[in-house]
Amino acid sequence: MAGRATLLVLLAGAAVLATASQGDREPVYRDCVLRCEERNCSGGALKHFRSHQPIYMSLAGWTCRDDCTYNCMWFTVGLYLQEGHRVPQFHGKWPFFRFLFFQEPASAVASFLNGLAGLVMLCHYRTSVPASSPMYHTCVAFAWVSLNAWFWSTVFHTRDTELTEKMDYFCASAVILHSIYLCCVRTVGLQRPAVASAFRSLLLLLLAAHVSYLSLVRFDYGYNMVANVALGLANVAWWLGWCLRNGRRLPHARKCAAVVLLLQGLSLLELLDFPPLFWVLDAHAIWHISTIPLHVLFFSFLEDDSLYLLRETEAKSKLH
């Protein structure tokens, strides 16, 4: 929910530096990559590479050049460690041990587990809450948008390409916008459906314009950061405002407030930014791992609130 916006800001800031990290600026690294490509990535050597490459690597899109940059990265890291220097980043990222075709194994697994937790809680919500509840369809739609975002997060951490990076960013932005829409429906839309419908159209236009600009004009990390900061702050303020107004009357609103505040606090883990433990577990992976239990808490809130609204609706219908 709100924490995803904070994460996007941190990722955008890091991505601005992605093309100018210390490791990939090193002459020894660049020379290693150049020599590796000349030696292995053309003619008969390339055919030999492709014939010996595991099928799962080729299906995941790993090329000869990718193997060169990976091996030369570790060659450069070894020189840094041998001379007692701090481990450098390469293309905006710490060096990670590749497991099978997983580029960042811990973050990929953690993203998958977040999606799995969301799917389990969605199934539980659908069995516990009747479809006649006023918020049912909006909550289910939010869950599917979130699952889509975690799917692309898993893909991105498995294989970082221009396409998977954009899909990870765009789908995360969609989650923030849908969280805003979810809050709009809960606070305004139940009484004024036309307002919620118009606001939904506005949010869809904003998302379409955002994606179109970043895809068709240029992928501007600075603009993306500013846009997501604004949306994230609006999301946090709106949800917390609703929670504060209704905390005494609706005890389950405290669950929502706890999720928003915990997501903001846990996002600060990203600021630690240390070389991966065992070359696998970095601050970003730890952040993803820490958010897995929050799916249970947030869906518990959605379930309690949906059932409360259903009881309220049934009570009003009996009076009429």
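Predicted model: local features only at pLDDT ≥ 70, side-chain atom pairs only at ≥ 80, totals over all residues.

Trainee: What makes the link between Cys32 and Cys72 a disulfide?

Mentor: The sulfur atoms of Cys32 and Cys72 are 2.1 Å apart, and a disulfide is a pair of cysteine sulfur atoms within 2.5 Å, so Cys32 and Cys72 form one. The angle about the S-S bond is -80 degrees, and this link is left-handed. Cys32 belongs to helix H3 (residues 27-40) and Cys72 to helix H6 (residues 64-82), so the pair ties together parts that are 40 residues apart in sequence.

Trainee: How many disulfides does the structure hold, and how are the bonded cysteines paired in sequence order?

Mentor: The structure holds three disulfides, and when the bonded cysteines are numbered in sequence order the pairing reads 1-6, 2-5, 3-4. Cys36 and Cys68 form a disulfide with their sulfur atoms 2.1 Å apart, left-handed with -75 degrees about the S-S bond, and this pair links helix H3 with helix H6 across 32 residues. Cys41 and Cys64 form another, with sulfur atoms 2.0 Å apart, and it is left-handed with -85 degrees about the S-S bond. Cys41 lies in the loop between H3 and helix H4 (43-52) and Cys64 in helix H6, so this pair ties together parts that are 23 residues apart in sequence.

Trainee: Why is Cys256 said to be in no disulfide?

Mentor: The nearest cysteine sulfur to that of Cys256 belongs to Cys243 and is 3.5 Å away, whereas a disulfide needs the two sulfur atoms within 2.5 Å, so Cys256 is left without a disulfide. Cys184 is likewise in no disulfide, with the nearest cysteine sulfur, that of Cys183, 7.9 Å away.

Trainee: How do you know whether Cys32 is buried or exposed?

Mentor: Cys32 has a relative accessible area of 19%, and buried means under 20%, so Cys32 counts as buried. By that reasoning Cys72 is buried at 2% relative accessibility, Cys36 at 9% and Cys68 at 1%. Cys184, at 3%, and Cys256, at 0%, are buried as well.

Trainee: Where does His295 lie, and why is it called buried?

Mentor: His295 lies in helix H14 (residues 294-319), and its relative accessibility is 14%, which is a buried value because the limit is under 20%. Leaving aside residues up to four places away in sequence, His295 touches Asn114, Ala117, Gly118, Met121 and Trp150.

Trainee: What makes a group of residues a nonpolar core, and which residues have the most contacts inside the largest one?

Mentor: Such a core is a set of buried nonpolar-type residues joined through side-chain atoms within 4.5 Å, and the largest nonpolar core here has 43 residues. Those with the most contacts inside it are Tyr125, Leu182, Trp239, Trp242, Phe298, Phe301 and Leu302. Among the elements that give two or more residues to this core are helix H7 (105-128), helix H8 (136-158), H9 and H14, and H9 gives the most, with ten residues. Apart from it lies another core, of 19 residues, which includes Tyr70, Trp74, Trp94 and Trp279.

Trainee: Which residues does Leu302 touch, not counting residues up to four places away in sequence?

Mentor: Leu302 touches Tyr125, Cys139 and Leu182.

Trainee: Which helix gives the most to the lining of the second largest pocket?

Mentor: H14 gives the most to that lining, with five residues, and by class the lining has five nonpolar, three polar and four charged residues.

Conventions: Residues numbered from 1 in each chain as written. Heavy atoms only, no water. Helix = DSSP H or I, 4+ residues; strand = E, 2+ residues; numbered from the N terminus. Buried < 20%, exposed > 50% of the residue type's maximum accessible area, 1.4 Å probe, protein only. Contact = heavy atoms within 4.5 Å. Nonpolar A, V, L, I, M, F, W, Y, C, P; charged D, E, K, R; others polar.
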